[in-house]
Amino acid sequence: MAEVIANVEVAPNIFRLKAAGAFSGRMGQFYMVRAWDRYPLLSRPLSIFDLNESGIEFLYQVTGEGTRLLSALRPGDELQLEGPFGNGFPEVQAGARIALVGGGIGIAPLHYALRNYRGSDVYLGFSQNPYLTENFEAATTGKVLVNVGGIVLEQVDFHAYDTIISCGPEPMLKAVQRKKLETKSEADVYVSLENRMACGIGACLVCSVKCLDKRRKACADGPVFLAEEVVFE
Amino acid sequence: MSDMTCSIAGVHFKNPIVMASGTFGFGREYGSLYDINRLGGICGKGLTLNPKEGNSGFRVYETPSGMLNSVGLENPGVTAFLREECEYWAGLNLARIANLGGNTLEDYVEGARLIEEDALLRKTSGKQAVDMIELNISCPNVKAGGLAYGIKTEIAREVVRKIRQATTLPLMIKLSPNAEDIVQMALMCQEEGADAVSLVNTFSAMKIDIHKRRSVFDNLYAGLSGPAIKPIALRMVHQVSKAVTIPVVGMGGIQSAEDILEYIMAGAAVVQVGTHNFVNLRAGADLIDELQILMEREKIESLDEIRGIV
Ligand SMILES: Cc1cc2nc3c(=O)[nH]c(=O)nc-3n(C[C@H](O)[C@H](O)[C@H](O)COP(=O)(O)OP(=O)(O)OC[C@H]3O[C@@H](n4cnc5c(N)ncnc54)[C@H](O)[C@@H]3O)c2cc1C
Ligand SMILES: Cc1cc2nc3c(=O)[nH]c(=O)nc-3n(C[C@H](O)[C@H](O)[C@H](O)COP(=O)(O)O)c2cc1C
Ligand code: FES
């Protein structure tokens, strides 16, 4: 149980939620979140947007019933959090050239990643109004490229980086995979998947991801996978 | 303290709370969240003789007070289970139930035989890992076998008979709510020597994406579980427990201690909790505490007092 201290609409249907408490979590990990008793049944997976001694933050888009209920939270309300879950983003060697590529609400986990990847270049793709780009500019010493209405991936030179990490809608992640293969880039390219989840801890197999060698669990083995490993169904 | 213990075919349950197959992995994940040895028992993820990939596409969809799943029995196969999970199971202090599924009669029988062989070996070395087999003749998410066995009593009879011959372990048959006649099905299991029946598995159900004009599931239908099914499941447990003399294990939509008492009053020996494990990852521990309190409040000294009272 955590207390909501802020829940602000930063763009139409995009909310930034902060809850107080001592939470842990590495970049790229997520929490199973709920702010209701029994219905809807399942908790919603949300990536860590920010985390410090005073609390944890999420950035979420209202897309359905669960996120709609979250958007109604007021300071003082209670939030249930289970986590952190998932493998998170990889550790990289000092001096590695890193690109973070986010599409839409997929930018959420990239913000927290910048705490570790201070010098990364960040590519943010939005279909309409961009939001929180200034937070990204403040969080990195690298460049921040914002693309609205186009295809942000076109701006990323896959040969200019040692590690590329992407998070966004599935078509974008498929395109990332394709570009990695087509450019024969030597970069380690990662995708963070958003499969539907029920337990979040590896017990139910509803989040199963087909990979080249076998099936893995998005919640426990992922959500971060090497781009070429995933077989998009 | 009210007495919550129970026994089925010589297997002891500390309390009537057993975790349902497919919602609890093999216990490890929840074991890192609370002491699962407090539970009455666990049913492992459904096993088939050979490893199974499960279904493609969406595997979960929420409905008002329920969920549809289309996992399709993804599992590591019986051999990998015996190799990789039994050491862990051997160290647990609760009723350990292996859930066995299959596509063909031969697969079912060979799966049961392997579990039996392993159990006998482990018994001699004092490291028993499986106390009971739950035979799943009822998964709606696999095409061949699966549901077909679960619907027709006379087709199911052969599976039950052959498995009974293949194992000396206590045997519980998990029934499908999609069965043509669930009472006949349960009576058949009793005739063929089953030690218990458990019910129900998920209801065959559907969700259509109107924009794409297709089912959201690659496998077309999926299995409905959760509170939405409880009233129907409860009625089936009641009917079956009035008809058979072997223990009946009840499940479907349990979310509270009150729900558990309803099932016991309908005649269930113990109950299983499935979907609720996703709603509350510590559901097992919480339900045990709540049931203890509720029984005391209701002045119920033991579950035997109220079992089948309705
Ligand atoms: C690891 C992970 C991290 C995520 N991080 C974020 C984040 O930081 N910010 C954010 O806005 N969104 C994030 N998502 C997506 C978010 O979980 C869904 O948007 C949300 O669950 C939708 O819930 P709903 O009740 O509003 O939608 P509904 O459509 O009413 O939900 C119905 C069901 O579908 C599931 N679902 C629907 N859309 C998605 C989706 N895109 N991904 C996964 N499950 C979905 C829901 O969990 C629920 O079980 C993340 C998803 C995953 C798997
Ligand atoms: C995700 C999921 C996977 C399941 N897998 C199995 C399985 O492998 N074998 C089985 O016998 N039942 C399986 N079931 C059915 C449950 O064990 C249980 O019978 C059903 O969910 C009804 O109980 P509930 O309403 O408490 O969830 C599964 C259910 C769910 C939700
Ligand atoms: S959500 Fe249950 S295994 Fe991943």
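Contact here means that heavy atoms lie within 4.5 Å. With that in hand, take B:Thr153 in this predicted model: leaving out residues up to four places away in sequence, B:Thr153 touches B:Asp181, B:Gln184, B:Met185 and B:Met188.

- You'll find B:Thr153 in helix α6 of chain B, which covers residues 153-166.
- Buried means under 20% relative accessible area, and B:Thr153 comes in at 15%, so B:Thr153 is buried.

**The annotated cysteines of chain A**

- An unreviewed UniProt entry puts the annotation "binding site" on A:Cys199, A:Cys204, A:Cys207 and A:Cys219.
- These four span 21 residues in sequence, but no two of their C-alpha atoms are more than 10.1 Å apart, so they gather at one spot.
- From this set, A:Cys204 is part of the lining of the largest cavity.
- A:Cys199 lies in the loop between β12 (188-192) and β13 (208-210) of chain A, and A:Cys204 is found in the loop between β12 and β13 of chain A too.
- A:Cys199 is buried, with a relative accessible area of 2%, and A:Cys204 is buried as well, at 3%.
- Setting aside neighbours within four places in sequence, A:Cys199 is in contact with A:Met32 and A:Cys204 from chain A, and with B:Tyr30, B:Phe278 and B:Leu281 from chain B.
- A:Cys204, with residues up to four places away left out, touches A:Ala198, A:Cys199, B:Gly22, B:Val71 and B:Phe278.

**The annotated site of chain B**

- Chain B has its own "binding site" annotation from an unreviewed UniProt entry, covering B:Lys45, B:Asn69, B:Ser70, B:Val71, B:Gly72, B:Leu73, B:Asn136, B:Asn201 and B:Thr202.
- Of these residues, the lining of the largest cavity includes B:Lys45, B:Asn69, B:Val71, B:Gly72, B:Leu73, B:Asn136, B:Asn201 and B:Thr202.
- B:Lys45 has its place in the loop between β4 (41-43) and β5 (60-63) of chain B, and at 9% relative accessibility B:Lys45 counts as buried.
- Not counting residues up to four places away in sequence, B:Lys45 touches A:Leu205 over on chain A, along with chain B residues including B:Ser21, B:Gly22, B:Val71, B:Leu73 and B:Asn99.
- B:Val71 is in the loop between β6 (66-69) and α2 (78-84) of chain B, and B:Val71 is buried, with a relative accessible area of 4%.
- B:Val71 also ties the two annotated sites together, with A:Cys204 touching B:Val71.

**Two helices of chain B**

- Helix α8 (residues 230-243) and helix α9 (residues 257-265), both of chain B, pack at an angle of about 30°, and their axes are 9 Å apart.
- Angles under 35 degrees count as roughly parallel, and α8(B) and α9(B) are therefore roughly parallel to each other.
- On the α8(B) side, the contact is made by B:Lys230, B:Ala233, B:Leu234 and B:Val237, while α9(B) brings B:Asp259, B:Glu262 and B:Tyr263.
- Sorted by class, this contact has four nonpolar, no polar and three charged residues.

**After α11 of chain B**

- B:Glu298 sits in the segment after α11 (283-297) of chain B.
- At 48% relative accessibility, B:Glu298 counts as partly exposed.
- B:Glu298 and B:Gly102 are 196 residues apart along the chain, and their C-alpha atoms are separated by 43 Å.

Conventions: Residues are numbered from 1 along each chain as its sequence is written. Chains are lettered from A and ligands numbered from 1 in the order in which they are written. This is a predicted model: local features need pLDDT of at least 70, side-chain atom pairs count only at pLDDT 80 or more; totals for chains, interfaces and linings use all residues. Side-chain values use heavy atoms; hydrogens and water are left out. Axes are lines fitted to C-alpha atoms, for helices over the stretch in contact, and angles run from 0 to 180 degrees between N-to-C directions. Helices (H or I, at least four residues) and strands (E, at least two) are DSSP runs, numbered from the N terminus. Angles under 35 degrees count as roughly parallel, over 145 as roughly antiparallel, 65 to 115 as roughly perpendicular and the rest as oblique. Ala, Val, Leu, Ile, Met, Phe, Trp, Tyr, Cys and Pro count as nonpolar, Asp, Glu, Lys and Arg as charged, and the others, Gly among them, as polar. UniProt positions are given in the numbering used here, feature names are shortened, and annotations may be inferred rather than shown by experiment. On a 1 Å grid over the protein atoms alone, a cavity is a set of points where a 1.4 Å probe fits but cannot get out, and a pocket is an open set with protein on both sides within 12 Å along at least five of seven lines; lining residues have an atom within 4 Å of a point. Buried means under 20% relative accessible area, exposed over 50%, partly exposed in between (1.4 Å probe, protein chains only).
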